[in-house]
Each structure stands twice: as structure tokens, then as C-alpha cells.
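Here is a short briefing on one protein chain. Keep the sequence and the 3D view open as you read.

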Amino acid sequence: MDPLDEPSREKLIFYLTVPLSSIIIFSNLFIIVGIACNRQLHNTPNYFFLSLLVADLCTGITLPFIPRMALDRQLDFKHCLVMYIFPNFLFLSFLFNLVMVHYERYLCIVSPLHHSQFWVHRCFPLALLTVWLPPLLYASLPAFGWNNWVEPNANKSSNPNKMQSTVGNSSKVDEVCSYKQVFPKAFIYLEVCGLVLPAMLSIMGMTGRVLWIAHKQLQNICKLHRAVDRLQQQQPTDHEQQLNLRYAKCVAAVSLTFLVCWVPYIIYQLMSVTALQSGVSLPSSSLYIIMSCTGIGSMAIIPLILGLANKQYTEPIRRVIHKLRNRWRGGQNNRDITL
């Protein structure tokens with residue numbers, strides 16, 4: 001797609017990220033209130049999920065700024081670091097929380113009788129610290145010196161005549177804030193190949209393992225039903241077909257979630273790494289901007305799918321909405337009676 005000028009890029013980012021950000025923020029608040037109002041949900045698994053919702057909420061707040069990280073801006077060193085480090089920390093913490101939630105639920109399914117004995121339940125504060133502190137430390141490495149920032153005085157020529165001719169433009173040229181100055185290539189490669197890619201593979205592996213366990217249990221249940229039907233000399237019921245249909249729906253839901261939420265982000269990462277290796281500047285491309293906005297936004301939808309699919313999380317809010325609707329209908333009926 002054709003490159004865009006700066007105003008067009010800003011408009012495209014605004015129109016793509018603001019609706020996604022609004023949906024993510026309000027949906028997370030909706031689920032957080034539902035968990036906080038239901039005391040039965042105040043346990044360790046839901047605390048992990050609550051931490052994921054908080055990280056997802058922060059990601060939704062910073063979503064309009066993440067695609068702008070590929071654009072150059074006129075900022076000094078300190079503000080430039082904050083602009084790049086803070087969104088990167090929130091995204092990494094979101095990814096770590098997502099892995100922890102999948103890992104905790106994976107343990108509950110693999111070892112349903114002994115899952116409370118694992119370290120994530122016995123040392124909950126330590127487990128919660130592992131999903132927030134390592135992302136903060138890694139994202140802060142550019143602030144401790146691992147960056148490509150060049151001081152303005154280092155770029156000035158030693159020739160006095162040349163210095164006088166460029167002194168008026170030095171602040172504009174040297175104070176340009178770019179991701180290339182904050183994040184070295186080694187930092188980006190390490191984050192993608194050492195943090196993001198292993199996290200994605202671990203989530204996919206745990207999800208595939210859970211589906212395989214569910215498939216084996218479904219086969220055992222169907223065998224038991226057939227044995228009972230043979231002993232009682234009854235015709236096979238449609239219960240087995242219902243179980244198979246439910247499993248097929250589960251597999252279809254997981255596959256659809258992967259296609260909608262993970263594939264855009266994977267494409268965005270491939271485009272970023274390819275551009276970094278080839279030295280091509282893609283931020284001016286509308287396709288790159290669209291994939292960056294939809295890729296990160298689609299990943300932030302994963303906790304919303306997990307939360308809204310659980311009726312316990314949304315039950316308090318649904319009760320409030322039901323009461324308000326009944327009151328509104330009662331008021332309308334009273335008005336009709338008086339008329």
C-alpha cells in the first residue's frame with residue numbers, strides 16, 4: 001500500500017485504536033466489577049485472572065500510543081524513554097499474565113486433585129510478582145544504558161564554520177525520538193525470540209494439551225455409555241452425539257479465537273522483524289499501521305473472551321441491568337395506567 005503522510009497516519013491510528021481501546025477498557029471494567037462484587041470468586045485462580053484484566057485494561061489505555069512508537073517525534077531523552085518503555089512494559093506484563101492464567105488453568109485440568117499444591121497456589125504473591133517484575137526490569141534496560149541514543153554534542157562537527165551553520169537546526173535534528181534510538185536490534189530480537197515467541201508457543205502448547213485431554217476423557221465417557229447400554233440392552237442414546245458436538249464446538253471456538261486474536265499479531269510481528277532485518281521503513285505504510293493496530297488490539301481481546309464466556313463474572317452486572325430494566329418498565333406501566 002502507498003505511504004502516508006504524517007496527518008494521514010495520525011488519523012488512521014486514531015480511527016483504528018480509539019474504538020478498540022474503548023471496547024477493551026469498558027469490557028475490562030465490566031468484568032472487574034463483576035468479580036469484585038461476587039465474594040465466591042475471591043480465590044487464587046480468579047486473582048490471577050483479575051491481574052490479567054488489570055494488565056489488559058492498561059494495554060487498552062496505551063493502545064492508541066503503541067502504533068505511534070514506530071513514528072519519529074521531537075522529544076528529549078527522558079521523555080523519549082518514557083514514551084517507549086512504559087507501553088512496552090505494559091504489553092509484556094499483559095503477555096506474562098496471559099501465560100500465567102493459562103498455566104494455572106492448565107494445572108487445574110492436568111492435576112485436578114493436586115493443583116492446589118503447586119507453587120502458583122502456595123506462593124501466590126511470588127507468582128504474581130513474576131508476571132509484573134520481569135517485564136518491568138526488561139523494559140527498563142534501555143533506561144540503564146542499553147540504547148542507541150546519541151547525545152547532540154556527539155554529532156556536531158569539529159569544524160567551527162560547520163558548527164555555526166548547523167547550530168540553528170541541531171535541536172531539530174538531534175532531538176528526534178525514534179524506536180531505533182531507544183531499542184537496539186539485539187534488544188528487539190531478544191524480546192521477540194526470547195519472550196514473545198516462547199510465551200505464544202507455551203499458550204498454544206497448553207491449549208493443545210488441554211484439548212487432547214478433553215478428547216481422551218470424551219472417548220472414555222463414550223465407552224462407558226456404550227457398555228452401560230449393552231448391559232441394560234437399550235438402544236444407544238443421543239447423549240454421545242451431544243458430547244461430540246459439544247467438543248466440536250469447543251475446538252471450533254479455540255480455532256476461531258486463534259484466527260481472530262493471534263494470527264493478526266503474528267503477521268504484525270513477522271512484518272516488523274522482516275523490516276528490521278532488511279532495513280526497510282514500514283511505519284509510513286498504511287498496511288503496517290493497520291496490522292499493528294489490529295494485531296495488538298486483537299490480542300487484548302483474549303481476556304475479554306475468557307471473561308465474558310464465564311457467567312459468574314458477568315452475573316452481578318446482569319442483575320443490576322435486569323433491575324434497572326424492570327424499574328424502567330414499571331415506570332412506563334404506571335404512566336400508561338395514569339393516562
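A residue counts as buried when its relative accessible area is under 20%, and as exposed when that area is over 50%. Arg68 has a relative accessible area of 14%, so Arg68 is buried. Keep in mind that this is a predicted model.

**The chain as a whole**

- The protein chain has 15 helices and two strands.
- The chain contains 339 residues, and 37% of them count as buried.
- Its accessible surface comes to about 20000 Å². Carbon and sulfur atoms hold 64% of that surface.
- Take the contacts with a separation of 6 or more: 81% of them involve residues 24 or more positions apart.

**The salt bridge**

- How many salt bridges are there? The count comes to one salt bridge.
- Arg68 and Glu10 are the partners, and their closest N and O atoms are 2.8 Å apart.
- Arg68 sits in the loop between α2 (44-62) and β1 (73-74), while Glu10 sits in helix α1 (residues 6-37), so the pair ties together parts that are 58 residues apart in sequence.

**Cysteines and the disulfide**

- The count of disulfides comes to one.
- That disulfide joins Cys80 and Cys177, with sulfur atoms 1.9 Å apart.
- Cys80 belongs to helix α3 (residues 77-110) and Cys177 to strand β2 (residues 176-177), so the bond ties together parts that are 97 residues apart in sequence.
- Why is the disulfide of Cys80 and Cys177 right-handed? The torsion about its S-S bond is about 80 degrees, so the disulfide is right-handed.
- Are Cys80 and Cys177 buried or exposed? Cys80 is buried, and Cys177 is buried too.
- Cys123 counts as partly exposed because its relative accessibility is 30%.
- Cys193 has a relative accessible area of 51%, so Cys193 is exposed.

**The nonpolar core**

- The largest nonpolar core has 62 residues.
- Which residues touch the most other members of the largest nonpolar core? They are Phe49, Tyr84 and Tyr265.
- Helix α3 supplies the largest share of this core, with 16 residues.
- Set aside the neighbours of Phe49 within four places in sequence. Phe49 is then in contact with several residues, including Ile31, Ile35, Val101 and Arg105. Pro303, Leu306, Gly307 and Tyr313 are also in contact with Phe49.

**Helix α13**

- Helix α13 covers residues 286-300 and has 15 residues.
- From its first C-alpha to its last, α13 reaches 21 Å, close to the 21 Å expected at 1.5 Å a residue.
- How many of the 15 residues of α13 are buried? Twelve are buried, and α13 is mostly covered.
- Among the buried residues of α13 are Ser286, Tyr288, Ile289, Met291, Ser292 and Cys293. Gly295, Ile296, Gly297, Ser298, Met299 and Ala300 are buried as well.

**Val251 in helix α12**

- Where is Val251 found? Val251 is in helix α12 (residues 239-278).
- Val251 has a relative accessible area of 28%, so Val251 is partly exposed.
- Val251 and Gly208 are 43 residues apart in sequence. In space, they are 9.7 Å apart, C-alpha to C-alpha.

Definitions and conventions. Residues are numbered from 1 along each chain as its sequence is written. This is a predicted model: local features need pLDDT of at least 70, side-chain atom pairs count only at pLDDT 80 or more; totals for chains, interfaces and linings use all residues. Side-chain values use heavy atoms; hydrogens and water are left out. A disulfide is a pair of cysteine sulfur atoms within 2.5 Å. Helices (H or I, at least four residues) and strands (E, at least two) are DSSP runs, numbered from the N terminus. Buried means under 20% relative accessible area, exposed over 50%, partly exposed in between (1.4 Å probe, protein chains only). The expected span of a helix is 1.5 Å times one less than its number of residues. A salt bridge is a side-chain nitrogen of Lys or Arg within 4 Å of a carboxyl oxygen of Asp or Glu. A nonpolar core is a set of buried Ala, Val, Leu, Ile, Met, Phe, Trp, Tyr and Cys residues joined through side-chain atoms within 4.5 Å. Contact means heavy atoms within 4.5 Å. Accessible areas come from the Shrake-Rupley method with a 1.4 Å probe; for residues, only the protein chains shown count as cover.
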